[in-house]
Amino acid sequence: MQTMRLHLASVEAEKNELHSDLKRMRELSQAEQLPADMDQEDIMHKLSHYDNTLRINTELETKLKTVELERNRLNSEIIKLRKELEAFDPAFFEEIEDLKYNFQKSVERNVLYERQLRELSRQFGVHVNIPSEHD
């Protein structure tokens, strides 16, 4: 964005210089005092260059505005997300870690209990309906 601003400033300066030249040429032309060494081709080249500079200036201003709008949108989103994160203190994340650990231990205990239940079921001939791990 900074590069774009610098380029835009450069184009603006060139535009102002060309605009000043054009104004001076118009004044000289109206007074019929154009310099003898300045021909029509030179004037047309300067006018073409001026038009090109205006086009580039317009494109850069449009791009800059687009980038600024996107930056503002992202800044708003960052502010919103930061507000949401403020609700979560370190204790919250510690609690999440504790829950994950406790869940893993519960799963391990359940697997152990299911094995023991199957073993006891075989040992005593009692049918127990335990869902398989693939269900």
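The structure is a predicted model, in which local features need pLDDT of at least 70 and side-chain atom pairs count only at pLDDT 80 or more, while totals for chains, interfaces and linings use all residues. Residues are numbered from 1 along each chain as its sequence is written, and side-chain values use heavy atoms, with hydrogens and water left out.

The protein chain holds 3 helices and 0 strands, where helices (H or I, at least four residues) and strands (E, at least two) are DSSP runs numbered from the N terminus. Along the sequence, the elements of the protein chain follow the pattern α-α-α. Of the 135 residues in the protein chain, 13% are buried. Here, buried means under 20% relative accessible area, exposed means over 50%, and partly exposed lies in between (1.4 Å probe, protein chains only). Helix α1 covers residues 2–30 and includes Ser 10. Ser 10 is partly exposed, because its relative accessible area is 42%. Although 47 residues separate Ser 10 from Asn 57 in the sequence, the two are 9.5 Å apart in space, C-alpha to C-alpha.

The aromatic side chains come next. A pair of aromatic rings is described by the distance of the centres and the angle of the planes. Rings of Phe, Tyr and Trp (its six-membered ring) pair if their centres lie within 6.5 Å; planes under 30 degrees apart count as stacked, over 60 as edge-to-face and the rest as tilted. By this rule there are 3 aromatic pairs. In one of them, the ring centres of Phe 88 and Phe 92 are 4.6 Å apart and the planes stand at 40 degrees, so the pair is tilted. Phe 88 also pairs with Phe 93, again in a tilted arrangement, with 6.2 Å from centre to centre and 55 degrees between the planes. Through ring pairs, Phe 88, Phe 92 and Phe 93 are linked into a cluster. Phe 92 is partly exposed at 31%, and Phe 93 is partly exposed at 44%.

Leu 85, Phe 88, Phe 92, Phe 93, Ile 96 and Leu 99 make a nonpolar surface patch of about 540 Å². Patches are made of residues with over 30% relative accessible area and no salt bridge, with like charges joined within 9 Å and nonpolar side chains (Val, Leu, Ile, Met, Phe, Trp, Tyr) within 5 Å. The accessible areas come from the Shrake-Rupley method with a 1.4 Å probe, and for residues only the protein chains shown count as cover. Helix α3 gives the most to the nonpolar patch, with 4 residues; Leu 99 is found in helix α3.

Asp 89, Glu 94, Glu 95 and Asp 98 gather on the surface in a patch of negative charge. For this count, Lys and Arg are positive and Asp and Glu negative, while His and the chain ends are not counted. The place of a charge is taken as NZ of Lys, CZ of Arg, CG of Asp or CD of Glu. Asp 89 sits in the loop between α2 (40–86) and α3 (90–124), and Asp 89 is partly exposed, with 41% relative accessibility.

Finally, there are the salt bridges. Side chains of opposite charge can pair when their charged atoms come close. A salt bridge is a side-chain nitrogen of Lys or Arg within 4 Å of a carboxyl oxygen of Asp or Glu, and by this rule the count is 6. In helix α2, Arg 55 and Glu 59 lie 4 residues apart, about one turn of the helix, and their side chains meet in a salt bridge of 2.8 Å, N to O. Arg 55 is partly exposed at 42% relative accessibility, and Glu 59 is partly exposed at 37%.

Lys 100 and Glu 97 form a salt bridge whose closest N and O atoms are 3.2 Å apart; both residues lie in helix α3, 3 residues apart. Lys 100 is partly exposed at 48%, as is Glu 97 at 46%. Glu 108 and Lys 105 form a salt bridge at 3.4 Å, N to O. Because they are 3 residues apart in helix α3, about one helical turn separates Glu 108 and Lys 105. Elsewhere, salt bridges that share partners join Glu 70, Arg 73 and Glu 77 into one network.
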